[in-house]
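Trainee: I would like a close look at a single part of this model, and then at how the rest is put together. Please keep it brisk.

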Amino acid sequence: MKFAVISDTHYLSDSMLCPGAPEDARLKKKINCAVFRSLAKTDAFDTVLITGDLTDAGDEASHREYIELLREVKESGKHVYVLTATHDFQFSRSYAMKKGWPVSYQAHPWNLAWFDKDHFDYRSITAKPEGLSDAECVPPLVKPCTPEQLWELYAEFGRDQAFSEFAPDYSYCVKLEEKIWCLMLNNNFRDVDPMNNMSPSYSPGCLRWIEETVREARAEGAFIFACTHHPLVPPVPAYKLGGGDRNMRRAYVAHMLADLGIPLVFSGHTHFADVGFARSDRGNLLCDITTPGLASLQKKNVRYGYHRDSVLCAELRFFLAMGYSLC
Ligand SMILES: [Fe+2]
Ligand SMILES: [Fe+2]
């Protein structure tokens with residue numbers, strides 16, 4: 001058995017683009033189509049694991065087109081197991097709009113009124129393409145899918161094959177082989193304070209389910225590992241300075257999983273590759289392999305095409321600017 005891990009595909013349907021959107025806005029779709037078609041053709045592996053941010057804007061049109069690509073891979077005889085993440089349910093906007101989006105997202109954006117024309121000031125868009133009127137720049141405002149919808153929409157890519165699931169957290173476990181089990185842990189939906197550094201990425205109920213599943217794997221003599229969207233080991237120190245949801249991915253969660261008996265995690269989100277290790281106080285080791293984003297292949301898209309070295313440089317500048325000394 002061989003498997004491939006890909007992440008952060010950020011598929012964007014052409015139907016989400018507004019008039020005048022730059023040609024490179026279509027690259028996300030083109031890259032995805034090319035990659036998925038080659039995944040369908042290859043026999044280098046028999047399973048594909050995708051660790052979230054499947055679509056760019058979470059709109060249903062993108063999800064439905066993306067599912068067609070996944071079906072092509074599945075029809076070639078491969079298993080496809082996916083996780084959804086923040087971009088899959090958070091907010092919808094066209095490419096041109098996204099460039100200047102002035103609003104920061106919140107914990108449950110599908111309940112917000114951003115999609116209501118009466119509550120959104122289009123004039124606040126800062127990067128509209130030249131020569132277009134305000135009206136021409138406004139893409140159709142589309143509500144993103146909800147987590148519940150995604151759980152149903154993607155059922156055929158993991159959930160239906162799972163021998164165990166924890167539905168409240170949209171997580172499940174599949175057997176890649178009789179003795180190789182994979183936990184697909186959705187760490188995006190939890191009813192906890194996102195700004196609290198001590199908040200776990202998974203609900204207490206989910207952690208209990210993980211513990212039970214690991215115990216079951218041990219009893220069966222199976223190796224068990226996990227996939228999740230956000231890295232558990234910060235790939236660069238600045239990662240800890242990020243927004244609320246990032247602050248949740250702290251080393252203690254990695255320690256917790258290591259102590260539960262999970263030695264290996266594949267994650268995504270940062271769009272660059274990294275391998276990090278965490279050792280718990282009890283001496284248990286967890287290895288976190290962060291998978292680069294497919295969207296990073298898009299050269300012109302600097303917003304999502306960053307490289308680990310450029311993040312490290314920016315981080316260094318930040319610390320110097322803050323008056324930190326190098327020694
Ligand atoms: Fe992403
Ligand atoms: Fe992400």
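Which residues of helix H8 (residues 251–260) are buried?

Mentor: Val253, Ala254, Leu257, Ala258 and Leu260 are the buried residues of helix H8. They sit on the same side of H8, because they cover an arc of only 160° around the axis. Buried means under 20% relative accessible area, exposed over 50%, and partly exposed in between (1.4 Å probe, protein chains only). The arc is taken from the directions that run from the helix axis to the C-beta atoms. Helices (H or I, at least four residues) and strands (E, at least two) are DSSP runs, numbered from the N terminus.

Now the ground rules. This is a predicted model, in which local features need pLDDT of at least 70 and side-chain atom pairs count only at pLDDT 80 or more, while totals for chains, interfaces and linings use all residues. Residues are numbered from 1 along each chain as its sequence is written, chains are lettered from A and ligands numbered from 1 in the order in which they are written, and side-chain values use heavy atoms, with hydrogens and water left out.

Back to H8. Contact here means heavy atoms within 4.5 Å. Just after H8 comes Gly261, with a positive phi of about 110°.

His269 lies in the loop between E8 and E9, and His229 in the loop between strand E7 (223–228) and helix H7 (244–247), so the pair ties together parts that are 40 residues apart in sequence. Both coordinate the iron ion (ligand 2): the donors are Asp53 (OD), His229 (NE2) and His269 (ND1), at 2.1 to 2.4 Å. Donors are N, O and S atoms within 2.8 Å of the metal (3.2 Å for Na, K and Ca); water is not among the atoms, so sites may look incomplete. Along the chain, the spacing of these donors reads D-x175-H-x39-H. His229 and His269 are each buried.

Asp8 and His10 are both buried.

Next, the charged pairs. The count comes to twelve salt bridges. A salt bridge is a side-chain nitrogen of Lys or Arg within 4 Å of a carboxyl oxygen of Asp or Glu. One of them joins Lys29 and Asp14 at 3.9 Å, N to O. Lys29 lies in helix H1 (residues 27–41) and Asp14 in the loop between strand E1 (3–6) and H1, so this pair ties together parts that are 15 residues apart in sequence. Lys29 is partly exposed at 23% relative accessibility. Asp14 is partly exposed too, at 29%.

Helix H2 (residues 60–75) holds Glu60 and Arg64, four residues apart, about one turn of the helix. Their side chains form a salt bridge at 2.8 Å, N to O. Glu60 is partly exposed at 31% relative accessibility, and Arg64 is partly exposed at 46%.

Glu68 and Arg71 form another salt bridge, with the closest N and O atoms 2.7 Å apart. These two are three residues apart in H2, about one helical turn. Glu68 counts as partly exposed at 41%, and Arg71 does so at 29%. Shared partners also join Asp14, Lys29 and Glu65 into one network of salt bridges.

Finally, the whole chain. It has nine helices and ten strands. Of its 327 residues, 53% are buried. Among contacts between residues at least 6 apart in sequence, 72% join residues at least 24 apart. The chain exposes about 14,900 Å², and carbon and sulfur atoms supply 54% of that. These areas come from the Shrake-Rupley method with a 1.4 Å probe; for residues, only the protein chains shown count as cover.
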